[in-house]
Amino acid sequence: MNGWRAGIILAFAVLALALFSNSCSTLPRTVVAPPEIPGAHFAGNRACFECHTNYVRRFAASPHARVHVAGAAMPGQSGCESCHGPGSKHIEAGGGRGKFIVNPGRDATACFQCHLQTHAEFNLPQHHPVLEKKMNCVQCHDPHGADILKPAGGLAMARLNQSCAQCHREQTKPFVFEHEALREGCAVCHNPHGSINKAMLVERDNNLCLKCHAQQQGSLAGANGIYIGRENHTDKLKLGGCWSAGCHTAVHGSNFSPHQLY
Ligand code: HEC
Ligand code: HEC
Ligand code: HEC
Ligand code: HEC
Ligand code: HEC
Ligand code: HEC
Ligand code: HEC
């Protein structure tokens with residue numbers, strides 16, 4: 001192993017260490033490394049600027065712009081190359097498609113080198129078909145822009161659900177009686193990468209709904225029982241799940257029922 005590579009791997013170890021303390025991070029406790037391109041070395045973000053000006057300009061606000069390798073033996077920042085691999089041979093060749101550069105739009109392997117947890121989620125029984133190459137990360141994430149949670153080139157409106165709306169019109173159309181839960185984004189109920197539960201739900205049973213709708217023992221109009229909202233649910237809960245028993249079947253909203261019954 002030559003000097004610069006040892007340096008990079010060491011620097012990524014330091015990066016990984018620094019991220020341990022961040023419990024929100026999906027980075028695993030292993031040394032992460034950007035994709036490799038045989039014979040190429042890191043050139044730094046500035047080297048991409050000349051030909052890919054707009055990408056470099058927008059990139060400053062991306063969370064990945066912070067993924068630079070402090071103290072590594074390379075000029076400038078290494079943000080672009082953390083996903084695209086070291087760029088020197090691409091630059092020497094004058095650039096071009098398929099020329100000594102990784103394009104993770106076609107293959108998410110580069111992303112999984114750092115996001116092991118995400119990789120694991122896509123391997124769960126219910127998942128979006130990314131590993132099957134029928135979909136890719138970019139349909140939901142903008143790797144270069146300020147807002148990584150929206151699709152590349154997407155609008156900023158209704159940011160949380162907008163990437164889903166491209167493909168799931170039925171659930172994202174406007175409803176007369178909307179379910180306010182959707183304002184917090186589809187991900188309050190679905191894990192968009194994958195889940196062990198049907199329809200990628202984050203919970204398989206009533207707990208999905210009860211995290212927002214408290215179930216209380218009480219009495220109203222003289223009737224004692226288990227209340228959800230202002231409604232006595234004592235007998236209803238015996239029928240089964242909130243949506244699967246044929247009650248609140250219109251969980252995404254309804255044009256007919258204010259109680260999302262149909
Ligand atoms: C988080 C990983 C990631 C980082 C960091 C990143 N890119 Fe990308 N890049 C991608 C992905 C994914 C695609 C594929 C996009 C698509 O297919 O729409 C891509 C595509 C591209 C393309 C090809 C676009 C096309 O027309 O197909 C260029 C050029 C590019 N990136 C340059 C850069 C530059 C320059 C930087 C640094 C300023 C950078 N990228 C940083 C992930 C990344
Ligand atoms: C000398 C100009 C030049 C420089 C410097 C350059 N590129 Fe490129 N690059 C190109 C050209 C030209 C293309 C082809 C674009 C096209 O066909 O639309 C390209 C394509 C790409 C692609 C798409 C590859 C594919 O197979 O789809 C990526 C990713 C990319 N460049 C990343 C980078 C990164 C990262 C850097 C900095 C390390 C960089 N480029 C520096 C000229 C350059
Ligand atoms: C070299 C390692 C590395 C690679 C490769 C990489 N990432 Fe990341 N990614 C990170 C780090 C580190 C963060 C956290 C940045 C921060 O919060 O400061 C991050 C953050 C993210 C976030 C935002 C997480 C949040 O909570 O806001 C998304 C989404 C993401 N990456 C997607 C991708 C995608 C898609 C790819 C491939 C196109 C990719 N990443 C490739 C290291 C990487
Ligand atoms: C179907 C849309 C979709 C696809 C495809 C997708 N993501 Fe995500 N991803 C999301 C959403 C939505 C969130 C925010 C989840 C939340 O708010 O809890 C997210 C969050 C993330 C995060 C932050 C940590 C987390 O899990 O909350 C990372 C990292 C990430 N995605 C990486 C990726 C990578 C890498 C790929 C491709 C292999 C990918 N995503 C494909 C929708 C998607
Ligand atoms: C690029 C298109 C695309 C985008 C964007 C997309 N999906 Fe999907 N989604 C699909 C496809 C295709 C399937 C079907 C997968 C299968 O049948 O294997 C699917 C399946 C699902 C399912 C399971 C449906 C079932 O009947 O089991 C849910 C839930 C879902 N998506 C939610 C979301 C959410 C939430 C988002 C946004 C974070 C999102 N999707 C973004 C294409 C997309
Ligand atoms: C309040 C929780 C909740 C929210 C928020 C939510 N969903 Fe769902 N979603 C469900 C439940 C429950 C099912 C039904 C699963 C079943 O049939 O067992 C479902 C099913 C689906 C399905 C499968 C087809 C269908 O309608 O049964 C898709 C696709 C879907 N949701 C997409 C979305 C999208 C896109 C969003 C955001 C706009 C979203 N969901 C927000 C709870 C939710
Ligand atoms: C993220 C929080 C959240 C989750 C999760 C959630 N809801 Fe809601 N829901 C709300 C809010 C906020 C309202 C509007 C205020 C209210 O009526 O309590 C609402 C309203 C409703 C209503 C209309 C109330 C009425 O007057 O009849 C029904 C029915 C409902 N939700 C059912 C469900 C079901 C079924 C689930 C599980 C699939 C669920 N909710 C999950 C937040 C949530």
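Modeller: Start with the fold. Among contacts between residues at least 6 apart in sequence, 50% join residues at least 24 apart; two residues are in contact if their C-beta atoms, placed from the backbone, lie within 7 Å. This is a predicted model, in which local features need pLDDT of at least 70 and side-chain atom pairs count only at pLDDT 80 or more, while totals for chains, interfaces and linings use all residues. Residues are numbered from 1 along each chain as its sequence is written, and chains are lettered from A and ligands numbered from 1 in the order in which they are written.

The protein has 262 residues, and 19% of them count as buried (20 or more other C-beta atoms within 10 Å of the residue's own, again placed from the backbone). Ten helices and seven strands make up its secondary structure elements; these are DSSP runs, with H or I over at least four residues for helices and E over at least two for strands, numbered from the N terminus.

Now the ligands. A residue belongs to a shell if its C-beta atom, placed from the backbone, lies within 6 Å of the ligand. Ligand 3 is surrounded by 19 residues, with Pro63, Ser82, Cys111, Cys114 and Cys137 the closest. Helix H4 (79-84) and helix H6 (109-112) each give at least two residues to this shell. Its make-up is 13 nonpolar, five polar and one charged. Here Ala, Val, Leu, Ile, Met, Phe, Trp, Tyr, Cys and Pro count as nonpolar, Asp, Glu, Lys and Arg as charged, and the others, Gly among them, as polar. Domain 1 (3-119) and domain 2 (125-200) each contribute at least three residues around ligand 3; the domain bounds come from an automatic or database assignment.

Ligand 4 has 17 residues around it, and the closest are Ala108, Cys111, Cys137, Cys140 and Pro192. Nine are nonpolar, eight polar and none charged. Domain 1 and domain 2 both give residues to this shell, so ligand 4 lies between them.

Ligand 5 has 15 residues around it; Gln139, Cys164, Cys167, Cys186 and Pro192 come nearest. Nine nonpolar and six polar residues form this shell, with no charged ones.

Last, a sheet. Strands S4, S5 and S6 form an open sheet in the order S4-S5-S6, with antiparallel pairing (DSSP must find at least two bridges between two strands). S4 (215-220) and S6 (231-232) are the edges, each with a single partner strand, so one side of each is left without a neighbour in the sheet. S4 and S5 (223-228) pair over six bridges. Gln217 has Ile226 in S5 as its bridge partner.

Methods:
A residue is buried if 20 or more other C-beta atoms lie within 10 Å of its own, exposed if 12 or fewer, and partly exposed in between; C-beta atoms are placed from the backbone.
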